[in-house]
Structures are given as C-alpha cells and as structure tokens.
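Please study the sequence and the model before reading each solution.

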Amino acid sequence: MTTLKSKLQADLNAAIKGRDELRSSTLRLTLAAVQKEEVAGTQKRELSDDEVQKVIAKEAKKRREAAEAFAQGGRTESAEREKAEGEVLAEYLPKQLSDDELRQIVAQAVEEAKAAGAEGPRAMGQVMKIVNPKVAGLAEGGRVAAEVKKRLAG
C-alpha cells in the first residue's frame with residue numbers, strides 16, 4: 001500500500017475512534033475514490049502516491065465546486081459542509097502556490113515563449129506547455145490559465 005493511502009486509512013481509523021463524523025465521512029469517500037481508480041481500466045493496480053494525490057485533488061475540486069453551487073443556490077449549510085470537507089482534503093495536498101509565486105512563474109514562461117518567437121494570445125499553448133510541469137499539483141489549472149491569458153493580453 002502506498003504511504004499516502006495508508007496515511008488516509010490510519011487517519012480514517014483515528015477519526016472513527018474519535019467520533020469525528022465530518023473527517024471520517026470525507027476520508028471514507030476519498031478512499032472509495034482511490035479504490036475506484038485502482039480498479040478502473042483493464043486490470044487492478046496499486047496507485048502511486050502521485051496518483052493518489054491526483055485523486056485527492058480531484059475530490060477537493062469537487063468539494064469546492066459543490067460549495068460554490070450550494071452558495072449560489074442559497075443553501076449555506078450544505079455549502080459550509082462542502083467547504084469543511086475541502087479543508088480536510090487540503091491537509092493531504094501540497095501547499096498551493098501564492099498568487100505572487102504563480103505570477104513570477106508565468107511571467108518567466110511568457111518571456112521564454114517570446115524568445116522562441118511566440119507572441120500574443122496565440123502563444124497560450126506554448127506558454128502552458130512551459131508552465132504546467134513547473135506548477136503541477138501546486139496550482140489549479142484554471143488559475144494558471146487565467147494568469148497566462150492575463151499576461152498574454154497585457
């Protein structure tokens with residue numbers, strides 16, 4: 001078992017013993033998503049820590065989107081629950097890049113793309129190819145794309 005998956009399992013057991021309903025239900029759903037990913041495809045396999053982390057990130061994104069939808073629909077209690085679950089999952093993800101750090105990385109990538117001859121909004125793909133490996137797992141794709149668009153437009 002991967003170390004991250006075993007940590008999730010150990011934390012789930014501790015949450016159950018401590019009667020922490022929010023944490024235990026969140027970790028249960030996350031472990032179910034990990035197991036679902038393991039059996040997806042033609043044969044069962046063990047996920048690496050990076051793959052488990054991607055599953056956790058996907059689950060956290062679902063919580064964020066659901067919280068926004070509930071908030072827009074006027075269901076504040078459900079929105080708060082989703083936000084709390086997202087915070088539990090955030091503990092298992094690497095720290096996200098700050099806006100300033102992301103701006104610096106994108107600015108550097110835009111300069112590299114300009115040096116290679118790419119200009120304006122059409123350079124989006126080239127800049128994203130440079131930026132994505134640097135920010136993988138550290139910044140959400142939508143945030144990165146918005147910053148790249150802003151840089152290329154400005």
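**Exercise 1.** Does Leu 8 count as buried or exposed, and at what relative accessibility?

*Solution.* The model examined here is predicted. Step 1: locate the residue; Leu 8 is found in helix H1, which spans residues 3-17. Step 2: apply the cut-off, by which buried means under 20% relative accessible area. Leu 8 has 0% relative accessibility and therefore counts as buried. Step 3: list the contacts beyond the neighbours within four places in sequence; for Leu 8 these are Leu 27, Thr 30, Leu 31, Val 52, Ile 56 and Tyr 92.

**Exercise 2.** Determine which residues Lys 5 is in contact with, leaving aside neighbours within four places in sequence.

*Solution.* Step 1: Lys 5 lies in helix H1. Step 2: with a relative accessible area of 9%, Lys 5 is buried. Step 3: the contacts of Lys 5, with those neighbours left aside, are Leu 31, Val 34, Glu 38, Glu 46, Asp 49 and Val 52.

**Exercise 3.** Describe how helices H3 and H4 are arranged relative to each other.

*Solution.* Two packed helices are described by the angle between their axes and the distance between the axes. Step 1: the axes of H3 (residues 49-72) and H4 (residues 76-90) come within 8 Å and cross at roughly 160 degrees. Step 2: angles over 145 degrees count as roughly antiparallel, and H3 and H4 are therefore roughly antiparallel to each other. Step 3: their crossing is left-handed. Step 4: residues making the contact include Ile 56 and Phe 70 of H3 and Gly 86 and Leu 89 of H4. By class, this contact of H3 with H4 has 8 nonpolar, 2 polar and 5 charged residues.

Key:
Residues are numbered from 1 along each chain as its sequence is written. This is a predicted model: local features need pLDDT of at least 70, side-chain atom pairs count only at pLDDT 80 or more; totals for chains, interfaces and linings use all residues. Side-chain values use heavy atoms; hydrogens and water are left out. Axes are lines fitted to C-alpha atoms, for helices over the stretch in contact, and angles run from 0 to 180 degrees between N-to-C directions. Helices (H or I, at least four residues) and strands (E, at least two) are DSSP runs, numbered from the N terminus. Angles under 35 degrees count as roughly parallel, over 145 as roughly antiparallel, 65 to 115 as roughly perpendicular and the rest as oblique. A crossing is left-handed if the near helix is turned anticlockwise from the far one by less than a right angle, and right-handed if clockwise. Contact means heavy atoms within 4.5 Å. Ala, Val, Leu, Ile, Met, Phe, Trp, Tyr, Cys and Pro count as nonpolar, Asp, Glu, Lys and Arg as charged, and the others, Gly among them, as polar. Buried means under 20% relative accessible area, exposed over 50%, partly exposed in between (1.4 Å probe, protein chains only).
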